[in-house]
Amino acid sequence: MGRNGRGHSGLGRQGACALAVLLFWLCLPPLSAQPSNQNNQNLAKVCGRSKATEKIFGGQAAGPERWPWQASLVYRGGHTCGATLISSTWVLSAAHCLQRSRSPSDYRILLGYNQLSKPTNFSRQMTVHKVIVHEDYNRKYRFGSNITLPQLNVPVDFNSHILSACLPDNSAVVPMNSSCWISGWGRLTEDVFLPAPFHLQEAKVSLIDQDRCEKFYIPHPAIPPDQAVTVQEDMICAGDTKVEKGICRGDSGGPLSCFLNGAWHVVGLSSWNWDCRSPIGYSVFVRITYFANWIKEKQRVNPAPNPSSAPPQEKPPAMTNNPIPEVGTVCQPSFFLLLLLSATVPLQLVLQSL
């Protein structure tokens, strides 16, 4: 009877096990349960996320994935400025960084890089569709409205190394004790280039009271009025004169990242300061809250380009040369101003310690 029962059982013990295994695998979701574009859309809804909780002058090497919105603005094959990714198709940078040419074809945007000479599987080189420079750039005063919006030809796919920073609203108030960081591939000092492999640098800085920053940069009588620079309402200052941290040539356009409301926001764009040599002054940034509405309006009236008309995808390059010096990044003080600055900074340090 037993033999008859086994004979009519059909699958038997081994067959039943095989069927169970088959059903189990059929019930499992595929290895990529969501298409890549869906993942990209999900990531696009989340900004300002990174592994961050100092070469930039006085800084240190940054780890991978710490600043995934950090970009390199490349002009004809060489790094010339920093840039900041704010969406899958839009990047922010400093207007003075694009004074060599306004032709989008002359520029590329590098994303997902930690070392410029060592691209990874996460790295991307993006072509530029349009360059929007603020209409008032340099019109009212030097470095005024120093902001530009390069638009990418095609959206970039977000990953752990490429994400957008959050944009603060124009009404956002950034406390002076905010934890803020600067990052970039600029020079180490006024005379020393960042060496290969061109590792991204970062430095923690403190926001500086606007009045104190304005007084620090009162134009010296020896400087002609047309060459003087002043701190205006569309600018924000940060730095650390005690341990000397600040931006240098090649850092312009890069982000001043501040952690607000649980996410990293791009509060400023590196714009200008005095020579990045000791004693170092405060760094001056484009104040993003001042231009928040301008950014949103330009994004609204400039729809995404047709991807079919975009140039072919380009392989992320391995940069081999020192960055190209950018135009107009760091103001050069006169000899008289250097004497004044050398006397002013120690005095300020004494006052700060009181």
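**Entry 1: Arg 66 and its ring**

I began at Arg 66. Its charged end sits over the ring of Trp 181, 5.3 Å from the ring centre. The model is a predicted one, and I read every value below with that in mind. Next I asked where Arg 66 lies in the chain. I found Arg 66 in the loop between β1 (60-61) and β2 (70-75).

Is Arg 66 buried or exposed? The relative accessible area of Arg 66 is 17%. The cut-off for buried is under 20%. Arg 66 is therefore buried.

I then looked for a polar partner. The side chain of Arg 66 makes a polar contact with the side chain of Glu 202, at 2.7 Å.

The charged end of Arg 187 sits over the ring of Phe 193, 4.5 Å from its centre.

**Entry 2: The whole protein**

I stepped back for the totals. I counted six helices and 13 strands in the protein. Of the 354 residues, 50% are buried. The accessible surface comes to about 17000 Å². Carbon and sulfur atoms account for 56% of that surface.

**Entry 3: Disulfides**

How many disulfides does a search of the whole structure find? It finds five. I wrote down their pattern, counting bonded cysteines along the chain: 1-4, 2-3, 5-9, 6-7, 8-10.

I took Cys 47 and Cys 166 to begin with. Their sulfur atoms are 1.8 Å apart, and the two form a disulfide. The torsion about this S-S bond is about 100°, so the disulfide is right-handed. I checked the cover at both ends. Cys 47 has a relative accessible area of 24% and is partly exposed. Cys 166 comes to 6% and counts as buried.

Then I went to Cys 180 and Cys 258. A disulfide joins them, with 2.0 Å from S to S. The link is right-handed, with 110° about the S-S bond. Cys 180 is in strand β8 (residues 180-184), and Cys 258 is in strand β11 (residues 255-260). The pair links distant parts of the chain, 78 residues apart. Cys 180 is buried at 0% relative accessible area. Cys 258 is also at 0%, and counts as buried.

Cys 248 lies in the loop between β10 (235-239) and β11. Cys 276 lies in the loop between β12 (263-272) and β13 (283-287). These two are 28 residues apart, and again distant parts of the chain are linked. Both Cys 248 and Cys 276 are buried.

**Entry 4: Aromatic rings**

I turned to the aromatic pairs and found 11 in the structure. One of them is Phe 143 with Trp 272, a stacked pair at 6.2 Å centre to centre and 20° between the planes. Phe 143 is in the loop between β6 (124-133) and β7 (148-152), while Trp 272 is in strand β12. They are 129 residues apart and tie distant parts of the chain together. I found Phe 143 buried, and Trp 272 too.

Why is the pair of Tyr 217 and Trp 274 tilted? The planes of their rings stand at 50°, so the pair counts as tilted; the centres are 5.3 Å apart. Tyr 217 is in the loop between α4 (210-216) and β10. Trp 274 is in the loop between β12 and β13, 57 residues away. Tyr 217 and Trp 274 are both buried.

Which residues form one aromatic cluster? I listed Phe 143, Phe 216, Tyr 217, Trp 272, Trp 274 and Tyr 282.

**Entry 5: An open sheet**

Last, I traced a sheet. Six strands form an open sheet, in the order β4-β3-β2-β5-β6-β7. The pairing is antiparallel. The edge strands are β4 (91-92) and β7, each pairing on one side only.

I looked at β5 (residues 107-111) in particular. It pairs with β6 in the antiparallel sense over four bridges. What is the bridge partner of Ile 109 in β6? It is Met 126.

Definitions and conventions. Residues are numbered from 1 along each chain as its sequence is written. This is a predicted model: local features need pLDDT of at least 70, side-chain atom pairs count only at pLDDT 80 or more; totals for chains, interfaces and linings use all residues. Side-chain values use heavy atoms; hydrogens and water are left out. Buried means under 20% relative accessible area, exposed over 50%, partly exposed in between (1.4 Å probe, protein chains only). A polar contact is a pair of N or O atoms within 3.5 Å; within protein, one must be able to donate a hydrogen and the other to accept it, and residues adjacent in sequence count only if both atoms are side-chain atoms. Accessible areas come from the Shrake-Rupley method with a 1.4 Å probe; for residues, only the protein chains shown count as cover. A disulfide is a pair of cysteine sulfur atoms within 2.5 Å. Rings of Phe, Tyr and Trp (its six-membered ring) pair if their centres lie within 6.5 Å; planes under 30 degrees apart count as stacked, over 60 as edge-to-face and the rest as tilted. A charge sits over a ring if NZ of Lys or CZ of Arg is within 6 Å of the ring centre and within 35 degrees of the ring normal. Two strands pair if DSSP finds at least two bridges between them.
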